[in-house]
Amino acid sequence: NPGKQIKKEYRSLHKNKRWIYVESIFSNQLDNPAIKGIIVNSRDVSDRKMSELKERVYHDNLIFLSNSALELLGLSSKDEIYRYNPEKLAAFLESAVVIASSYNEESKSVIVESFSGLDPYTGQVEELLNQPVMGLSFPASEMALSSDNAGMVITLKDELLETSFGELIPENLLKIKELIRMHKAYSITMAKDNRLLGYITIFTLNKSIIKFKHIIETFVHQVS
């Protein structure tokens, strides 16, 4: 149709090897004796596209926090809240294993209450642990007993990760990391009125990371 212009947006590989967003307008000039071809006018719209994407992500994050606040109000027991945490965060992060654990003050131990995102590796992980993931208990490290950084997303280095899990799985930790393709490990302490409640541990998979730490921290504050 020579009288109609077509506008398309797409990604294109720039000569400097980075991907950019391009907007092109196609015009049929085959019937124009001076041109006899298709004219394509293109421009780089990466800045506009990135602004739109940031706005969409910001909106999605607000919806996530708003919905989670309302959903938490409908939970009537501690067990329901522990189940809710990993499921909600695993869905938000998409490529992650999330573990919610409680802290027992009498025994100074950490107990896994719920987890999500481990399928289809749950059985293999439990074989390496020689026990179910649910209910897994281990002594809390001295660092874990502090509530100074409560609510903050802390990146766990390898040595800190081993310390966090006590002496239960040091020889199998590497096997588990390779099995689930773990990339980064994070921990968030849950506390209320300086009283330690438990922890949320996040293992991001397949080279992914936590991009919106402030959203996770706000969520954990709601949960606590």
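## Contact between two helices

Contact means heavy atoms within 4.5 Å. Helices here are DSSP runs of H or I with at least four residues, and strands are runs of E with at least two, numbered from the N terminus. In α1, Asn 61, Phe 64, Leu 65, Ser 68, Ala 69 and Leu 72 meet Ile 215, Thr 218, Phe 219, Gln 222 and Val 223 of α6. By class, this contact holds seven nonpolar, four polar and no charged residues.

The model is predicted: local features need pLDDT of at least 70, side-chain atom pairs count only at pLDDT 80 or more, and totals for chains, interfaces and linings use all residues. Residues are numbered from 1 along each chain as its sequence is written, and side-chain values use heavy atoms, without hydrogens and water.

## How the helices lie

Helix α1 covers residues 46-73 and helix α6 residues 213-223. They pack at an angle of about 10°, with axes 10 Å apart. That makes α1 roughly parallel to α6 (angles under 35 degrees count as such).

Helix α1 has 28 residues. At 1.5 Å a residue, they should span 40 Å. The end C-alpha atoms are 41 Å apart, which agrees.

Buried means under 20% relative accessible area (1.4 Å probe, protein chains only). In α1 the buried residues are Ser 46, Lys 49, Asn 61, Phe 64, Leu 65, Ser 68 and Leu 72. Their cover includes β1 (5-13), β2 (19-29), β3 (37-44), α2 (78-93) and α6.

## Phe 203

Phe 203 sits in strand β9, residues 195-205. Phe 203 is buried, with a relative accessible area of 9%. Its C-alpha atom is 28 Å from that of Gly 74, 129 residues apart along the chain.

Terms used. Axes fitted to C-alpha atoms, helices over the stretch in contact; angles between N-to-C directions. Parallel < 35°, antiparallel > 145°, perpendicular 65-115°, else oblique. Nonpolar A, V, L, I, M, F, W, Y, C, P; charged D, E, K, R; others polar. Expected span 1.5 Å × (residues − 1). Buried < 20%, exposed > 50% of the residue type's maximum accessible area, 1.4 Å probe, protein only.
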